[in-house]
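Have a look at the model first, and then read on.

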Amino acid sequence: MSAADFQASPTAHVQEMTSLPRRAFGHELVFTDNSRKRKLQLALKRLFDISISFGALVALSPLFLVVAILIKTDSPGPVFFSQVRWGRYGKKINIFKFRSMRNDLGDKTGVKQTVENDPRITRIGAFLRRTNIDELPQLFNVLRGDMSLIGPRCHAVGMLASGMLFEELVPEYHQRHIMRPGLSGLAQIRGWRGPTTRRGEARARIMCDLYYVSNYSFMLDMQILLATLRSEIGRGTGF
């Protein structure tokens, strides 16, 4: 089933996960497929991540410099913002973003979600979030292997959905950590991003992630990447 097929059936059955288990923070993580074909596709995915992230960082270095100057001019504080989030196999990783909030009001934990007209967001930060430029430093995370270009959304540890921890709301939540988190993913291109105020919406996001890790293919990654370029670059939905 392709990403387009999933749009018509967002609660599609997640295939039974078998094979070698791993455990992280008390949760069993299992591979959907341990075949040679899947291993080759994952190797191709990593090679693609390295080549694209390195090339993008080189090409975007002038933009990084301009953004850094604008951030320092707009408000006191560092250029980059780091936060602890869930990585592959439940490992905790530090992700990087351009700082878009006031340094004295920013939430290092990520538990407090951003809302519309959030007073913590700076003037340049509003532009960076609207255009998704604030996410670009995560290319460093992709290059060093913490993240992938495509994968489940990289959630903050302790992130809440409608007042509940995601792992309490969806018991299978940590199955999404079988794969590296991504800059973009199936949930994003289906429109599931931004604050989670309804439990049904939160479950739909996780179902997208579970479908992705259960049915991964390099071709699915390319479909999601192309959909991301069409729908989000230059007109992001962050605020």
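Start with helix α3 (residues 61-74) and helix α4 (residues 123-131), which pack at an angle of about 145 degrees with their axes 8 Å apart. Helices here are DSSP runs of H or I with at least four residues, strands are runs of E with at least two, and both are numbered from the N terminus. Axes are lines fitted to C-alpha atoms, for helices over the stretch in contact, and angles run from 0 to 180 degrees between N-to-C directions. This is a predicted model, where local features need pLDDT of at least 70, side-chain atom pairs count only at pLDDT 80 or more, and totals for chains, interfaces and linings use all residues. Residues are numbered from 1 along each chain as its sequence is written, and side-chain values use heavy atoms, leaving out hydrogens and water.

So who meets whom? On the α3 side you'll find V67, L70, I71 and D74, and they meet R123, I124 and L128 in α4; contact means heavy atoms within 4.5 Å.

Now stay with α3. Its buried residues are F64, V67, A68, I71 and D74, where buried means under 20% relative accessible area, exposed means over 50%, and partly exposed is in between (1.4 Å probe, protein chains only). Looking down the axis of α3, these buried residues fall within an arc of 135 degrees, so they line one face of the helix; the arc is that of the directions from the helix axis to the C-beta atoms. Over on the other side of α3, P62, L65 and T73 are exposed. And what do the buried residues of α3 pack against? The partners are α2 (36-59), β4 (92-98), α4 and α5 (138-143).

I71 turns up again in the largest nonpolar core, which has 33 residues: along with F98, L128, Y212 and I224, I71 touches the most other members. A nonpolar core is a set of buried Ala, Val, Leu, Ile, Met, Phe, Trp, Tyr and Cys residues joined through side-chain atoms within 4.5 Å. The largest share of this core, 5 residues, comes from α9, which spans 218-231. Leaving aside residues up to four places away in sequence, L128 touches V67, I71, F98, R99, I133 and D134.

Last stop: Y89, which sits in the loop between β3 (80-86) and β4. Y89 is partly exposed, at a relative accessible area of 25%. Y89 and R180 are 91 residues apart in sequence, yet 8.1 Å apart in space, C-alpha to C-alpha.
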